[in-house]
2 protein chains.
Amino acid sequence: MADVPHVVVVGGGFAGLWATRALASAPVRITLLDRGNHHLFQPLLYQVATAGLSAPDIAAPLRHILRGQPNVTVLMGEAVAVDKAARNVQLANGTSIAYDTLLVCTGATHAYFGHDEWAPHAPGLKTLDDALAIRRRILTAFERAEAETDPARRAALLTFAVVGGGPTGVELAGTLAEIAHHTLRKEFRNIDPDNTRVLLLEAGPRVLSTFPEALSAKAMRSLARLGVDVRTGVPVSRIDASGLMLGEERIDAHTVLWAAGVAASPLARTLDVPLDRAGRVAVEPDLTLPGHPEIFVAGDLATVKWGERLVPGVAPAAKQMGSYVARVIRARLTNQAAPPPFGYKDFGNLATIGRRAAVVDLHGFRFSGYFAWAFWLIAHVFFLIGFRNRIVVLLDWAVAYWTYQRNARIVLGREQK
Amino acid sequence: MADVPHVVVVGGGFAGLWATRALASAPVRITLLDRGNHHLFQPLLYQVATAGLSAPDIAAPLRHILRGQPNVTVLMGEAVAVDKAARNVQLANGTSIAYDTLLVCTGATHAYFGHDEWAPHAPGLKTLDDALAIRRRILTAFERAEAETDPARRAALLTFAVVGGGPTGVELAGTLAEIAHHTLRKEFRNIDPDNTRVLLLEAGPRVLSTFPEALSAKAMRSLARLGVDVRTGVPVSRIDASGLMLGEERIDAHTVLWAAGVAASPLARTLDVPLDRAGRVAVEPDLTLPGHPEIFVAGDLATVKWGERLVPGVAPAAKQMGSYVARVIRARLTNQAAPPPFGYKDFGNLATIGRRAAVVDLHGFRFSGYFAWAFWLIAHVFFLIGFRNRIVVLLDWAVAYWTYQRNARIVLGREQK
């Protein structure tokens, strides 16, 4: 195996895992490097944050997924730099891994638009650890409110503000409202969780801005029905330990969640190429780095033209990029013609709002409400990796649906704030 | 409700929860205080540590369990002292809670026999956070071994030492051997997990010393069959960052787990009464504090005579003590005769060793092997709190049984060591 080309894949998300699997029968040896030990089904991460699912439900060990693919070595480790001249990846532990071909797909993290001081007060949601920290914060807020005697402090503990009206923000706000108005009913003696205020703050004119306007409007109505106070058109100008400023308005909120900005993984900076405002790499039409055909960038880290727009940072796009990169690598190895430039196949756009409410946009075939929610649920469970995960997630949801309960309402770790 | 006596229960473990539930129809108001938000099914905690179950599988929010009992207020908070004169419990956040009757059942934590410097190198297993830290350590050791090129360091990474041959130590060692020899098979390219060394170190003459000798011997044979190297009769004299000293023998081990000593919760010290060597409170036959009939101590925190021996620190004993305390409180409220002194009803002793191996001692009716394992499994699932938990745990185990897989092999958080 040592004399076949060495493909190093950095990042075991959708792009990295799909590329790796698509190279199963290729004459290469692959090293898949990830800082965690698992592939994460990111579209359901908000369910871990809101105590609906437990962490192992939506994650599977990378080496277990790939155990049957002998040309892959999975390594847990953090890549900190790429040395294009020496053709190696440098790791946080001081070692390095040489590559013949490199695929960088370390994705995105959350960004605070230059306000990094907001980070400790408004955690974002990208990893399982983020999700458990948010879960702890949400559950602890209700616990503290129950023990609090000062009415103003109690009100602040029962105020939850979600910043950012994209799919994640909408999911978080909708689920928070559900928890307050249904899940926790009858469990408290000193507070009424029904008095919880959930705010969804979007600086732009509407939530779910990537959807058609009619579906945005439907989503706003669904959110209002769930009791979410949606505020659009005013930016958040400050976030601190006790709340935030929405334009000129002060909102005291113990729990502020960040679902607004994303920034590309800092590894991109070490590629020494121009990056866009979010830190992403503008790649060639074949997803290679300009001037470096041996380096590919895929997934949320890459910006690729899609007609007038850019390929969106969603799971299907990352999978398609990963598979495409494998196709290019394979063509090179067998001296076949290079495949045509990467083209994104858009299967549609869906977002869930809460119990029995979602919006779906499948190429103009638009629907919302209960049927959209069922469609969303089936699609997500279908794509969830791992047979057991699917069963357990379905079971969790079935129980949650009938009982309004959430099965992972366990505070893990200590609150830092 | 304000003019009925206020019963404060500190600790939502088996003793506290059983006492609280048994007071459901009593003319009292109850405050149940716990530093977490959940009741933990401690007997299965080792399954979370060894990645078989996820944390929410074995825990349920206390306020959810008690939502239908209107005379209970559940509070999340940490009791740091009891003021017997003022009759209140002081909390870490500076507030205090006044009581008419107090039940202290904060249980035990692990103790290092005066070697507190061993704590960072040999984590113990008492809370969900402990379990997740141990899980992280175990899984990360295999990950690091895969990336390690130095043979000695690699061998140390693949050496796991469990200190203490009680039920927890036996369970941990047996499960570690199963993981190494079955679960991880075919998943690594540079190491063979089959070369893992699992040691079980017991200073006394035999493992499971509370069981009859014949069952101890069976357990030793089962462990040996699983590939566990059991060492009895020699105490651990040192634990450091890279391993331990077993008497005069140096053992390089990246992962050392502590299952040896327990010490009562430090809250006992603030009761200002004589404590035994492990910090436990010697209570009156009715489980009250000597000279303070308004204060009860139950569960692992209390030492109670049981013939020549002491009531063991096991879940059934804690539940019985909790129910007994409720009976005493009820009798006082209704001016009935006090119940007879607390008597422990021993239903038997069981310990599992690994896949299809367990030992059971039911009053002289002793058995081991597959049938004992099935008995252990049914008993534990039956007693697990919460309908959903039972189903999910059974499902996890069924899948694990047929596939040799473990469903929670997800590294959460960062390794500190």
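**The core and beyond**

Mentor: The largest nonpolar core has 252 residues. A core here is a set of buried Ala, Val, Leu, Ile, Met, Phe, Trp, Tyr and Cys residues joined through side-chain atoms within 4.5 Å. Buried means under 20% relative accessible area, exposed over 50%, partly exposed in between (1.4 Å probe, protein chains only). The residues with the most contacts inside this core are A:Ile58, A:Leu128, A:Phe142, B:Leu128 and B:Phe142.

This is a predicted model: local features need pLDDT of at least 70, side-chain atom pairs count only at pLDDT 80 or more, and totals for chains, interfaces and linings use all residues. Residues are numbered from 1 along each chain as its sequence is written, chains are lettered from A and ligands numbered from 1 in the order in which they are written, and side-chain values use heavy atoms, without hydrogens and water.

Start at A:Ile58. Beyond its neighbours within four places in sequence, A:Ile58 is in contact (heavy atoms within 4.5 Å) with residues including A:Phe41, A:Leu44, A:Leu128 and A:Leu384. Two of its other contacts are A:His39 and A:Asn389.

Now chain B. Helix α4 covers residues 128–147. Helices (H or I, at least four residues) and strands (E, at least two) are DSSP runs, numbered from the N terminus. In α4(B), 16 of 20 residues are buried, so the helix is mostly covered. At 1.5 Å a residue, times one less than the number of residues, α4(B) should span 28 Å; its end C-alpha atoms are 29 Å apart, which agrees.

Next, cysteines. A:Cys105 is buried, at 7% relative accessible area. B:Cys105 is buried too, at 7%. The whole structure has 0 disulfides (cysteine sulfur atoms within 2.5 Å) over all chains.

Now a sheet in chain B. Its 3 strands form an open sheet in the order β6-β7-β8, with antiparallel pairing. Strands pair if DSSP finds at least two bridges between them. β6 (79–83) and β8 (96–98) stand at the edges with a single partner each, so one side of each has no neighbour in the sheet. The twist averages 20° from one strand to the next, taken between axes fitted to C-alpha atoms, with angles from 0 to 180 degrees between N-to-C directions. β6(B) and β7(B) share 4 bridges, and B:Val82 has B:Val89 as its bridge partner.

Last, strand β13 of chain B, residues 228–232, holds B:Val230. B:Val230 touches B:Leu200, B:Val207, B:Met220 and B:Leu223, not counting residues up to four places away in sequence.
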